[in-house]
Amino acid sequence: MVAGVLFGMCALAQAQDATPPRIGLVLGGGGARGAAHVGVLKKLEELRIPVDCVAGTSMGGLVAGAFSSGLSPAGMQAALQQADWRDMFSDAASYADFTPRMKGLSQSYIPGSEGGFKNGALQFPSAVLSGQKIKFFIDRLVQAHSAPQRVERQPLPLALITTDIVTGQARVWRSGDLASLMRATMSVPGLMAPVKYEGLSLVDGGLVDNVPVAEVRQLCKPDVVIAINVGSPLLKSEDIDASPLSVTAQMINLLTEQNVTKSLDLLRPGVDIYIKPDLEGITAGDFERSEETIARGYAGATAAQAQLARLSVSAADYARWQRRMARSPVVQVTLDALETPGMESQRASQLTAQLRSKPGAALDVKTLEDDLLYAYGEGRYSNVAYQLVNHDDKNVLRLFATDKPWGPNFVRSGVNFAWGTRDDARYNVRLAYQMTQLNRSGGELLVTGQFGSDNLVGVNGYQPLDADQPWFVEAQALTGSQSVDLYQNGRAQARLKNEFTEVNAGLGLNLGRYGVVKTGLLRRNLSASTTIGADGLLPPDSATATSAWFALADLERFNSPYFPTQGWRARLMQTQAADYGKLDGSFAQALGLGSYVLTGRLAFTQATQGVLPITDAATLGGLNNLSGLAFKQILGSEMRYLGLRSEKIIGHMPLGLRGDLRIGVALEGGTMRQRYSETQGVELVRSGSIYLGGETPLGPIYLGIAKADDTAMRVFVFLGNP
């Protein structure tokens, strides 16, 4: 009898030993360092270790969400490697897809300076990024376009950790929209905007639980927990300077480390497995080093192979687990309906009218993303997103477009500074107040002011004739003064001050995102006087009152306002007054070849009737307009210009800040007939320059040397919005 009992107990113990332990996987947060999780997953796959549930925070939440949806480690590695991280960390659509009006604002004002007046107070965006393109990346990772993706419906039980930024409490999600919650857990405060979800404002879960051991225990009651910690170490004293950025980063690290210590205390020695890959030298922002980071994660898991090996299962058992985790084939979804929850009807119709995704058509995710970014380029939304749901057996595409919380009335600013040898320093500070959505058709009012070397005050009214039509009327009034030196024989002889007042109004047509054409009437009062030097240098027509009609075509497909790598711009304007006519034209083309960019530009000004007055003269001289000459050194009535620039991109701004750094060479040539300055000069003036330049958060920057015919070498500097 006793022998029988003992035999039964032994048999039961053997049966229990044959049952694989339940395994819970914990993927901690750490920004770009989280790519190491993929390396660990590769090792688990190699050792045939099945996972029963997974919990993740921040970048660990991104990997956990993709893994729970059935994406293989190899698939994750390919996705991280192929991602254009610089583009992803820039919310904006391509500059080429901005509206013509937004292009003008981007050229004149610092993009990051946009704020707004709300409830009587000045407000600014809550973060550097809204996470627009990052959300699209997550959508593609989990195939949100092929079927509704919910946390609770994934083949692997999943918990995503976020922080309620209002209360500071942890919010753990075991159900809900998968892509939205993956995006929420990555919302590093200050870098990415909080995600509004179910009435909450959610940010990075790392603030409250960066290595969520407790959550994975509740999720599937695992026998063994595998916890991977990829968090950033505390900054050293020499790395903490007086800048708010480094102090803020250290504060977040301190909060994170405190909760990590508590979580790690929950691990059971000899039972649970803790892996901390060696990520020395890899920062939370090194997304472009994903291959190296993945390799470090694989190495960290390999170092723990002796512990991991006891969790290995047979090839047959692992194959069964893989079949359970395998993704279903991507099914082409045909849309049955579009919905715009919470959007006002006219705004909703404007958004859906722009989409090529229509009911009855197959859903193409690339086309949908392009269309939503196109809508984002209008400048009114803080983010646009989509969600595929199945309602009453119908495939419904839900569209979400959130108006900028700091709008609809915006403040903008711009600055510029220019200096060159043989040329006084010039500077301007520019401010604007823009009121948008004044009526249902999208009327706008823009009040501008500038002070410095050139002073200007202006008011611009813009009124679409119908919200769904490209026609508009525009009226503008401005007054101000500009100063320019008059040169003879390479030396400034007098300083000319042009004072002007102008009122114009006209009818225009927006040609999609290609540009605008418009025509109208203007009234302009101009007068010129010398503030330094003798008035005798001025021509007799130095004061004019002009009534004229104008016609303008301004088309642009550059992919950047200042340093494009591809695209073109063409501009043609005719002004016809009673006593003179003026035709201005220009064309520029940029061609990128790897890290090299070739840009060509030609321009002309032609007096189509009479002679241009000095107050409305053509100019040569200054940056990218014969850089070897001083600013507007040559004034005249008929101008021709040709310039070629060859540049090599030698660096980039940090992720989250657009722009690059280039070294370039420029060759330029220009002619001016019927001159008002440099009247004894040669007809053709050639100029060559070498410069270091690039796009910065404050606008373009140039630092270089240039030389034109019969002039000494010139050093020049420019920074800001032209």
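This is a predicted model: local features need pLDDT of at least 70, side-chain atom pairs count only at pLDDT 80 or more; totals for chains, interfaces and linings use all residues.
User: Which residues of α8 are buried?

Analyst: Eight of the eight residues in this helix fall in that class. The buried residues of α8 are L178, A179, S180, L181, M182, R183, A184 and T185.

User: What percentage of the residues in the protein is buried?

Analyst: The secondary structure comes to 15 helices and 30 strands, and the C-alpha trace spans about 130 × 55 × 45 Å along its principal axes. Of the 722 residues in the protein, the buried share is 51%.

User: Are α2 and α4 roughly parallel or roughly antiparallel?

Analyst: Helix α2 (residues 36-46) and helix α4 (residues 73-82) pack at an angle of about 155°, with their axes 9 Å apart; axes are lines fitted to C-alpha atoms, for helices over the stretch in contact, and angles run from 0 to 180 degrees between N-to-C directions. Angles under 35 degrees count as roughly parallel, over 145 as roughly antiparallel, 65 to 115 as roughly perpendicular and the rest as oblique. The angle of about 155° therefore makes α2 and α4 roughly antiparallel.

User: How many nonpolar, polar and charged residues does the contact of α2 with α4 have?

Analyst: With contact meaning heavy atoms within 4.5 Å, V38, L41, K42 and E45 in α2 meet P73, M76, Q77 and L80 in α4. Ala, Val, Leu, Ile, Met, Phe, Trp, Tyr, Cys and Pro count as nonpolar, Asp, Glu, Lys and Arg as charged, and the others, Gly among them, as polar. By class, the contact of α2 with α4 has five nonpolar, one polar and two charged residues.

User: Is the crossing of α2 and α11 left-handed or right-handed?

Analyst: The axes of α2 and helix α11 (residues 290-303) come within 6 Å and cross at roughly 45°, which means that α2 is oblique to α11. A crossing is left-handed if the near helix is turned anticlockwise from the far one by less than a right angle, and right-handed if clockwise. The crossing of α2 and α11 is right-handed.

User: With which side chain does the side chain of Q450 make a polar contact?

Analyst: Q450 lies in strand β16 (residues 444-452) and, at 14% relative accessibility, counts as buried. A polar contact is a pair of N or O atoms within 3.5 Å, where within protein one must be able to donate a hydrogen and the other to accept it, and residues adjacent in sequence count only if both atoms are side-chain atoms. At 2.8 Å, the partner side chain of Q450 is that of R430.

User: Is S382 buried or exposed?

Analyst: S382 is found in strand β12 (residues 381-391), and its side chain makes a polar contact of 3.4 Å with the side chain of N383. Not counting residues up to four places away in sequence, S382 touches S130, Y376, T402, D403, K404, P405 and W406. With a relative accessible area of 8%, S382 is buried.

User: Is G360 buried or exposed?

Analyst: G360 lies in the loop between α14 (345-353) and α15, and touches T334 and L335, not counting residues up to four places away in sequence. At 62% relative accessibility, G360 counts as exposed.

Methods
Residues are numbered from 1 along each chain as its sequence is written. Side-chain values use heavy atoms; hydrogens and water are left out. Buried means under 20% relative accessible area, exposed over 50%, partly exposed in between (1.4 Å probe, protein chains only). Helices (H or I, at least four residues) and strands (E, at least two) are DSSP runs, numbered from the N terminus.
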